[in-house]
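Open your viewer and keep the selection tool at hand.

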Amino acid sequence: MNEAAATTKKLNLVLFPWLAFGHMIPYLELAKRLAARGHAVTFLSTPRNVARLPPVPADLSPRVHLVALPAPVVDGLPEGAESTADVPPEMNELIKKAVDGLAAPFAAFLADAVADDGGRRPDWIVMDFCHHWLPAIAEAHGVPCAAFLIVQPTAIAFLGPRWAQAAHPRTTLEDFAAPPRWCSSFPSAIAYRRHEAGWAVDAFRPNASGVSDIERMWQIIERTRFTIYRSCDEVEPGVFALLTDLFHKPAVPAGVLLQPDIADGNSSSRSAGARSEVLQWLDRQPPKSTIYVALGSEAPLTASNLHELALGLELAGVRFLWAFRKPSGMSAPTSSTDVAELLPAGFEGRTRGHALVWSGWVPQVAVLAHAAVGAFLTHCGWGSTIESLVFGRPLVMLPFVVDQGLIARTMAERGVGVEVARDEVDGSFGRDGVAAAVRSVMVEEQGEVFASNAERLERVLRDQRRQDQYMDELVGCLKRYKEDSC
Ligand SMILES: C[C@@H]1O[C@H](OP(=O)(O)OP(=O)(O)OC[C@H]2O[C@@H](n3ccc(=O)[nH]c3=O)[C@H](O)[C@@H]2O)[C@H](O)[C@H](O)[C@H]1O
């Protein structure tokens, strides 16, 4: 193909995320941006997930095809459970078994697409951390693969490549509570705390799905041509060069995958009911007066954590909007009475007037964009952290699992927030620590430093031209690496 034809050629991509909405949503954002550039995307998941995705804008929908593979039956997985949102955190490994059960339907889908002479042959398959069986199927059909990892790139560098684990094995909590020994340029302040490191220890061991999470990820990175990440150098300076060097594969930024000017909350039908009440309540609060509190759906909170958090918010004495989720193991609250039962006695009465506790879906991006919000108390999921940075909201950080501790350390290093103090060994936290962290960001003088650092980052991330350039460069890689494997 000559150079001009290669530049204008439209690609046909298959995107296949992990069965979790925190993954499917950024994959859909990637799909929309590729479609906006004229490329065709097939987005693979299972029937209930496809039905629950937010709608694709009408101008892009002709180029984004949602395809539902049949949901596999897995022993122990409740009927209809097709994503991590449908099960308690301890059942996530069964969702991985469900992903593995999609190998045969995927192979049939690909054989069919490749045989089709109507132009359905994929140019690329883009997959998540968990589809370690997929590259072999794609190779058999001569279709190249890329990985798209939506967790924090710095965390992937911290966990490291296979050669690093072989050269300097890490197996204990202490090993993961220190920066990696095999990487002298890794920032010394970024490591797990001892109480968080259990996640990393477990991630290197085979789990109930039969394969460790790290083994899945290594195979994906090793057997695909390059790795795409949801981030950019402005958020994590130098991380892409480091990852390219560590994994001996190109690490390519997709940008933050969030457009500040479309964050009005109207785009998601799922948020339609909650939107008006939550945002209308915010409309009545003074500018930057309110801290938004949300700990994601998978944080392993206990009932006692919930009480300390509530009492800490009360002690801090600031306005707050709390996207309330049940502690793991309890059934979901369905009414405001259920929520009240999970909170300390009298809490709602004492905070009514300056607080809203909301147990339904919250249009988080629109909330973070709202002028009344002054900060975000977050579990440091990568999606939530990026959303906060794009709107210049400083962070009060209460991380739990996976990459969240490393994200919190990275953001503390960047001066955009503070962590809630926790016991180093058991990870417990109390109301005083919550109140102190909230007040240091929302009330005290040092809060201005966090806010101005967050606003500086916001200005950089609002440069839509730069963000579009990341996507254009990514498309350039898809075209280049399709011809010459790297
Ligand atoms: C293991 C973990 O998976 C994580 O996903 P999780 O879903 O917990 O959190 P986010 O990435 O913040 O993602 C949560 C997403 O849901 C949106 N939302 C959620 C609840 C609600 O009521 N309204 C909303 O709009 C929110 O805006 C965000 O985009 C991340 O990978 C993380 O890096 C990794 O540690």
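How far does a polar side-chain atom of R325 lie from an oxygen atom of the ligand? Select R325 and the ligand: the distance is 2.5 Å. A polar contact is a pair of N or O atoms within 3.5 Å; within protein, one must be able to donate a hydrogen and the other to accept it, and residues adjacent in sequence count only if both atoms are side-chain atoms.

Before going on, note that this is a predicted model, where local features need pLDDT of at least 70, side-chain atom pairs count only at pLDDT 80 or more, and totals for chains, interfaces and linings use all residues. Residues are numbered from 1 along each chain as its sequence is written, and side-chain values use heavy atoms, with hydrogens and water left out.

**Stop 1**

An N or O atom in the side chain of S384 is 2.5 Å from a ligand oxygen atom. Taken alone, the ligand exposes 690 Å², and the protein buries 86% of that (Shrake-Rupley method, 1.4 Å probe).

Next, show the whole shell. It has 15 residues, and the closest are R325, V362, S384, E387 and D403. To belong, a residue needs a heavy atom within 4 Å of the molecule. Which helix gives the largest share of the shell? Select helix α18, residues 382-390: it supplies 4 residues. Helices (H or I, at least four residues) and strands (E, at least two) are DSSP runs, numbered from the N terminus.

**Stop 2: the sheet with β10**

Select the 6 strands of this open sheet, in the order β10-β9-β8-β11-β12-β13. The pairing is parallel. Two strands pair if DSSP finds at least two bridges between them. At the edges are β10 and β13 (417-419), each pairing on one side only. From one strand to the next, the twist averages 15°.

Zoom in on β9 (residues 319-323). It runs parallel to β10, joined by 4 bridges. A323 stands opposite W358 in β10.

Are the faces of β10 (residues 355-358) buried or exposed? Both are covered. A355 and V357 are buried on one side, L356 and W358 on the other. Buried means under 20% relative accessible area, exposed over 50%, partly exposed in between (1.4 Å probe, protein chains only).

**Stop 3: the sheet with β7**

Now select the open sheet of 7 strands, ordered β3-β2-β1-β4-β5-β6-β7. Its pairing is parallel. β3 (64-68) and β7 (251-253) stand at the edges with a single partner strand each, so one side of each has no neighbour in the sheet. The twist averages 25° from one strand to the next.

Pick β4 (residues 124-127) and β5 (residues 145-149). They pair in the parallel sense over 3 bridges. I125 stands opposite C145 in β5.

**Stop 4: two loop residues**

Select L257, in the loop between β7 and α13 (272-283). Its phi is positive, about 55°, although it is not a glycine. L257 counts as buried because its relative accessibility is 2%.

Finish at V402, in the loop between β12 (395-397) and α19 (404-413). Phi of V402 is also positive, near 50°. At 28% relative accessibility, V402 counts as partly exposed.

Key. Axes fitted to C-alpha atoms, helices over the stretch in contact; angles between N-to-C directions.
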